[in-house]
Amino acid sequence: QVQLVESGGGLVQAGGSLRLSCAASGRTFRSYAMGWFRQAPGKEREFVARISASGDSTYYADSVKGRFTISRDNAKATVYLQMNSLKPEDTAVYYCAAGSSSRDPRMYNYWGQGTQVTVSS
């Protein structure tokens, strides 16, 4: 079992930056690949980025590539999403998830409660 708690969301102007954190409880965190997803109002949940269990492999959605960076600190049982050059279309609730390397959210077993990111133009 893994419990996930996101933090770091907020309101930022276009071009600004935010860093999201996802703190995990449970001794098995370091064995899980982790992902970040987002969901805007009226839209389906979409893949943003994922990182392997060891942290040596990452993958990004085309829409965020070059602007977002996913990382993890297994000693702190935390995964991060550094978001730079934010755009209004990045506005969404951001979720971290554990248990898969897939882009498909249905493949993930564990989810956080989400954190709101709002980018103003």
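**Close-up views of a predicted model**

**Figure 1. Aromatic pairs in the predicted model.** A search of the whole structure finds seven aromatic pairs. One of them joins Phe37 and Tyr108 in an edge-to-face arrangement, with 5.0 Å from centre to centre and 80 degrees between the planes. Phe37 belongs to strand β4 (residues 34–39), whereas Tyr108 is in the loop between β9 (92–98) and β10 (110–111), so this pair ties together parts that are 71 residues apart in sequence. Phe37 counts as buried because its relative accessibility is 0%. Tyr108, with a relative accessible area of 5%, is buried. The model is predicted, and local features are taken where pLDDT is at least 70.

**Figure 2. The tilted pair Phe47 and Tyr59.** The ring centres of Phe47 and Tyr59 are 6.0 Å apart and their planes stand at 35 degrees, so the pair is tilted. Strand β5 (residues 46–51) holds Phe47 and strand β6 (residues 58–60) holds Tyr59, so the pair ties together parts that are 12 residues apart in sequence. Phe47 is buried, at a relative accessible area of 5%. Tyr59 has a relative accessible area of 37% and is therefore partly exposed.

**Figure 3. The aromatic cluster and charges over rings.** One aromatic cluster is formed by Phe37, Phe47, Tyr59, Tyr95, Tyr108 and Trp111. Arg45 lies over the face of Trp111, 4.7 Å from the ring centre. At another ring, that of Phe29, the charged end of Arg72 sits over the ring at 4.5 Å from its centre.

**Figure 4. The open sheet β1-β3-β8-β7.** Four strands, in the order β1-β3-β8-β7, form an open sheet with antiparallel pairing. The edges are taken by β1 (3–7) and β7 (68–73); each has a single partner strand, so one side of each is left without a neighbour in the sheet. From one strand to the next, the twist averages 15 degrees. The strands β1 and β3 (residues 18–25) run antiparallel and are joined by five bridges. Ser7 has Ser21 in β3 as its bridge partner.

**Figure 5. The largest nonpolar core.** The largest nonpolar core has 35 residues, of which Leu4, Met34, Trp36, Leu81, Met83 and Tyr94 touch the most other members. Elements that give two or more residues to this core are β3, β4, β5, β7, β8 (78–83), β9 and β11 (115–120). The most comes from β9, which gives five residues. Leaving aside neighbours within four places in sequence, the contacts of Leu81 include Leu18, Arg19 and Leu20. Leu81 is also in contact with Trp36, Val48, Ala49 and Tyr94, as well as with Phe68, Thr69 and Ile70.

Figure 6. Ala77 is not a glycine, although its phi is positive, at about 50 degrees. Ala77 is placed in the loop between β7 and β8. With 15% relative accessibility, Ala77 counts as buried, because the cut-off for buried is under 20%. Ser85 likewise has a positive phi of about 50 degrees and is not a glycine. The loop between β8 and β9 holds Ser85. At 42% relative accessibility, Ser85 counts as partly exposed.

Conventions:
Residues are numbered from 1 along each chain as its sequence is written. This is a predicted model: local features need pLDDT of at least 70, side-chain atom pairs count only at pLDDT 80 or more; totals for chains, interfaces and linings use all residues. Side-chain values use heavy atoms; hydrogens and water are left out. Rings of Phe, Tyr and Trp (its six-membered ring) pair if their centres lie within 6.5 Å; planes under 30 degrees apart count as stacked, over 60 as edge-to-face and the rest as tilted. Buried means under 20% relative accessible area, exposed over 50%, partly exposed in between (1.4 Å probe, protein chains only). A charge sits over a ring if NZ of Lys or CZ of Arg is within 6 Å of the ring centre and within 35 degrees of the ring normal. Two strands pair if DSSP finds at least two bridges between them. Axes are lines fitted to C-alpha atoms, for helices over the stretch in contact, and angles run from 0 to 180 degrees between N-to-C directions. A nonpolar core is a set of buried Ala, Val, Leu, Ile, Met, Phe, Trp, Tyr and Cys residues joined through side-chain atoms within 4.5 Å. Contact means heavy atoms within 4.5 Å.
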